[in-house]
Amino acid sequence: MKPIEQPGDAMAKLVEAMQARSPRIEHGGLGANSHDRLFKQPLLTKWTDSSECVRTSDPGRLALPLENTENASGAWRAGKVASEPPEADNMKDATVMLAAIEAGDSKAAEQLLVLVYDELRRLAASKIAGEAPGQTLQPTALVHEAWLRLVGDQSPSFKDREHFFRASAEAMRRLLIDRARRKHTKRHGGGYQRIDFDAFDVAAPAVDDQLLAVNEALDKLALEHPVQAELVKLRYFAGLTNEEVSQVLGISLSTAKNYWTFARAWLLNEMDGN
Amino acid sequence: MSGDPDRELVVFTEALKVPVQERATFLERICAGDENLRQTVEALLRAHDRLGNFLEEPPTGASVE
């Protein structure tokens, strides 16, 4: 008699298969083709089925690990940084969360945001160790690398990409704003604790100040023009191109360009007026 | 700013397609007495003229301390 395969065995095999396909990211390096893989791959392949299985068959994973909650409140552990290998647990968390968001779970969106924030911060810190002074930290590279580490090399569904990049844009925004505020406090005599990410200094205090001013104006833009404000987050903070933004927002390329021009003018006008 | 956000966007976008010397006439006509809208769009057009590289660079210059 043929042995009956336990559901748990199938799960284990799937997870193993996914992990085997996970990207091998060398320290400090981003696969040159990661961008192409994300945006130019066919949307559906045989891998979609297995990833769906992983996403939906383990609802218990939706519970957010406590350590991530702690991270969200700003209590970063300075020692836990850099070149850790992709974590299978995080990868599974991300795919489960993406599926839950698609199913309308609003809590999952916040959980994904925390996970992505954590990952982006760690990646940024690892870049510090690996690169010479004066290098520019590219949000677009960080975000795409975070995708590979959290979601993997499977072909993403269109909706997954949309949710992921929206979360990434917001996470990058929070990372940069949090850091700019800490540095601002430091310059004005406040208490300051050196944290890994802050080693990525911006060239001049004026850059931080502009970042904070843009952020403030962006909040106002969001009240009147929420779609255009989202576009700014995706372009400015996550470093997406007009083409990518048009895909994520589901608008035409020419509309994306028009919105971008309008939003920049709106923000500059708002900032100059204050 | 107040008024209809969608109209601001549409009028601004259309005004950019009009040659600069014809914009005042265009706005006069399209805003049809909505002074608030006209002033808002004019302010946005002035901001557009001085955009330069605003927001085109990533917000993260980097140097290791």
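The expected span of a helix is 1.5 Å times one less than its number of residues. This rule is applied in the first and second legends below, all of which describe a predicted model.

**Figure 1. Helix α10 of chain A and its surroundings.** Helix α10 of chain A covers residues 226-237, and its 12 residues should span 16 Å at 1.5 Å a residue; the end C-alpha atoms are 16 Å apart, which agrees. Of these 12 residues, 10 are buried, so α10(A) is largely enclosed by the rest of the structure. The buried set consists of A:Q228, A:A229, A:E230, A:L231, A:V232, A:K233, A:L234, A:R235, A:Y236 and A:F237. Just after the helix, A:G239 adopts a positive phi of about 70 degrees.

**Figure 2. Helix α3 of chain B and the elements that cover it.** Buried residues in α3(B) are B:L37, B:R38, B:T40, B:V41, B:A43, B:L44, B:L45 and B:A47. Their cover includes α1 (5-17) and α2 (23-31) of chain B, together with α12 (253-272) of chain A.

**Figure 3. The largest nonpolar core and the contacts of A:V232.** The largest nonpolar core contains 74 residues. Within this core, the residues with the most contacts are A:L120, A:F164, A:V232 and A:L267. A:V232 is also one of the buried residues of α10(A). When neighbours within four places in sequence are set aside, A:V232 is in contact with A:L218, A:L221, A:F237, A:W260, A:A263 and A:L267, and also with B:L55 of chain B.

**Figure 4. Aromatic pairs of chain A.** A pair of aromatic rings is described by the distance of the centres and the angle of the planes. Over all chains, the structure holds 5 aromatic pairs. The ring centres of A:F164 and A:F165 are 5.7 Å apart and the planes meet at 80 degrees, so this pair is edge-to-face. Both A:F164 and A:F165 are buried. A further edge-to-face pair is formed by A:Y236 and A:F237, with 4.9 Å centre to centre and 70 degrees between the planes. A:Y236 and A:F237 are buried as well. Ring pairs also link A:W147 with A:F164 and A:F165 into a cluster.

Figure 5. Side chains of opposite charge can pair when their charged atoms come close. The count of salt bridges over all chains is 18. In one of them, the side chains of A:E162 and A:R166 meet at 3.3 Å, N to O. Both residues belong to helix α8 (residues 158-187) of chain A, and, being 4 residues apart, they are separated by about one helical turn. A:E162 counts as buried at 11% relative accessibility, whereas A:R166, at 29%, counts as partly exposed. The side chain of A:R166 also forms a salt bridge with that of A:E230 (3.5 Å, N to O). Because A:E230 lies in helix α10 of chain A and A:R166 in helix α8 of chain A, this pair ties together parts that are 64 residues apart in sequence. With a relative accessibility of 15%, A:E230 counts as buried.

Figure 6. The side chains of A:R264 and B:E56 meet in a salt bridge of 3.4 Å, N to O. A:R264 lies in helix α12 of chain A and B:E56 in the loop between α3 and β1 (63-64) of chain B, so the pair joins two chains. A:R264 is buried, with a relative accessible area of 7%, whereas B:E56 counts as partly exposed at 32% relative accessibility. Elsewhere, salt bridges that share partners join A:E110, A:K159, A:E162, A:R166, A:E170, A:R173, A:R174, A:D219, A:E230 and A:K233 into one network.

Figure 7. Chain A has 12 helices and 1 strand, in the order α-α-α-α-α-α-α-α-β-α-α-α-α from the N terminus on. Of its 274 residues, 49% are buried. Among contacts in chain A between residues at least 6 apart in sequence, 73% join residues at least 24 apart. The accessible surface of chain A is about 12,400 Å², and 54% of this area belongs to carbon and sulfur atoms.

How values were computed:
Residues numbered from 1 in each chain as written. Chains lettered and ligands numbered in written order. Heavy atoms only, no water. Core = buried A, V, L, I, M, F, W, Y, C linked by side-chain atoms within 4.5 Å. Buried < 20%, exposed > 50% of the residue type's maximum accessible area, 1.4 Å probe, protein only. Contact = heavy atoms within 4.5 Å. Phe/Tyr/Trp six-rings, centres within 6.5 Å; stacked < 30°, edge-to-face > 60°. Areas by Shrake-Rupley, 256 points an atom, 1.4 Å probe, with all protein chains shown as cover. Salt bridge = Lys/Arg side-chain N within 4 Å of Asp/Glu carboxyl O.
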